[in-house]
Amino acid sequence: MILRLENLTLGYDRYPAVHHLSGTFAPGRLTAVIGPNGAGKSTLLKGIKGLLPTLGGRIALNAEERGRIAYLPQQAELEPGFPISVLDVVLLGHWRRTGAFGTIGPNLRRAATAALEAVGLPGFERRGIGSLSLGQRQRVLFARLMLEDGPAILLDEPFAAIDARTIDDLMAVVCRWGEEGRTVIAVLHDLELVRRSFPFTLMLAREAVAWGPTETVLVPETLERLRRSSETWDENAALCRREYSDGV
């Protein structure tokens, strides 16, 4: 799936959090989105998924394409205490195919079991999701994403506060998604992980500071521009008055 942004502005209560962003996320490309807190990184993913209306510009996707995008929010937005089994969480990845009242047959259950094995949790099907460690819960959520089978996958801080082994195992899954031709966009803070594993980077400070191959983006000059850009934010800025095309 090609994700194309055209002069996109997103925000809350008509106050922009991402300004005039234009560019393309290509199929098979792993792109990291980096920037300081408040830079608009999570806002961008929510906008692409359709959880926020556009304030200006457009995201060149139709409703059907947007519905196929897989999205993993930050762990802070999830409820680990909900009484549900690991298997049932993973089976939610079939939702687009089955709906609320569709039958979960043996083939779909086998696919869920295989996904759990792929993320390193064989035999965890009957465990309660609340009994798992943070890293184990993230493995479960990656298994659910595998069943969603989306052509594009959005990951919001997927490796925050989890151990190095889990990060390595889940990065192997992310790399397979790229090899399968899926578009992967991940909000990250670990610049060494970005340099090591993500060939493309969007450096965001509400506007694009730099966007391109990671080796050309993560250089001292752009990192200094990022720092300077974040220091000039106006928290009370009104909506920009540029002319926009209609959002999609």
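This is a predicted model: local features need pLDDT of at least 70, side-chain atom pairs count only at pLDDT 80 or more; totals for chains, interfaces and linings use all residues.
## The chain overall

Let's start with the big picture. The chain has 248 residues, and 49% of them count as buried.

## Aromatic rings

A search of the whole structure turns up three aromatic pairs. One to look at is Phe25 with Trp211: the ring centres sit 4.8 Å apart and the planes meet at 45 degrees, so this pair is tilted. Phe25 belongs to strand S2 (residues 15–25) and Trp211 to strand S9 (residues 207–213), so the pair ties together parts that are 186 residues apart in sequence.

The two partners have their own surroundings. Phe25 has a relative accessible area of 1%, so it is buried, while Trp211 comes out at 25% and is therefore partly exposed. The cut-off behind those labels is 20%: under it a residue is buried.

Elsewhere, Phe142, Phe159 and Trp177 make up one aromatic cluster. There is also a charge over a ring: Arg29 lies over the face of Phe200, 3.8 Å from the ring centre.

## The second largest pocket

Two elements give two or more residues to the lining, helix H4 (95–98) and helix H6 (134–148).

Which helix gives the largest share of the lining of the second largest pocket? That would be H4, with three residues. By class, the lining has six charged residues, four nonpolar and three polar.

## Met146 on helix H6

Helix H6 also holds Met146. With a relative accessible area of 25%, Met146 is partly exposed.

What does Met146 touch, leaving aside neighbours within four places in sequence? Its contacts are Ala115, Ala118, Val119, Val173 and Trp177. Trp177 is a member of the aromatic cluster with Phe142 and Phe159. As for Val119, it is 27 residues from Met146 in sequence, and their C-alpha atoms are 9.6 Å apart in space.

## Two residues with positive phi

A couple of backbone spots deserve a glance. Asn7 is not a glycine, yet it has a positive phi of about 50 degrees. Asn7 lies in strand S1 (residues 3–12) and, at 23% relative accessibility, counts as partly exposed.

Asp149 is another non-glycine with a positive phi, in this case about 55 degrees. Asp149 is found in the loop between H6 and strand S6 (152–156). Its relative accessible area is 38%, so Asp149 is partly exposed.

Finally, a look at helix H10 (residues 220–231), where Ser230 has its place. Ser230 is partly exposed, because its relative accessible area is 22%, and the cut-off for buried is under 20%.

How far apart are Ser230 and Gly35 in sequence and in space? They are separated by 195 residues along the chain, and by 8.8 Å from C-alpha to C-alpha.

Key. Residues are numbered from 1 along each chain as its sequence is written. Side-chain values use heavy atoms; hydrogens and water are left out. Helices (H or I, at least four residues) and strands (E, at least two) are DSSP runs, numbered from the N terminus. Buried means under 20% relative accessible area, exposed over 50%, partly exposed in between (1.4 Å probe, protein chains only). Ala, Val, Leu, Ile, Met, Phe, Trp, Tyr, Cys and Pro count as nonpolar, Asp, Glu, Lys and Arg as charged, and the others, Gly among them, as polar. Rings of Phe, Tyr and Trp (its six-membered ring) pair if their centres lie within 6.5 Å; planes under 30 degrees apart count as stacked, over 60 as edge-to-face and the rest as tilted. A charge sits over a ring if NZ of Lys or CZ of Arg is within 6 Å of the ring centre and within 35 degrees of the ring normal. Contact means heavy atoms within 4.5 Å.
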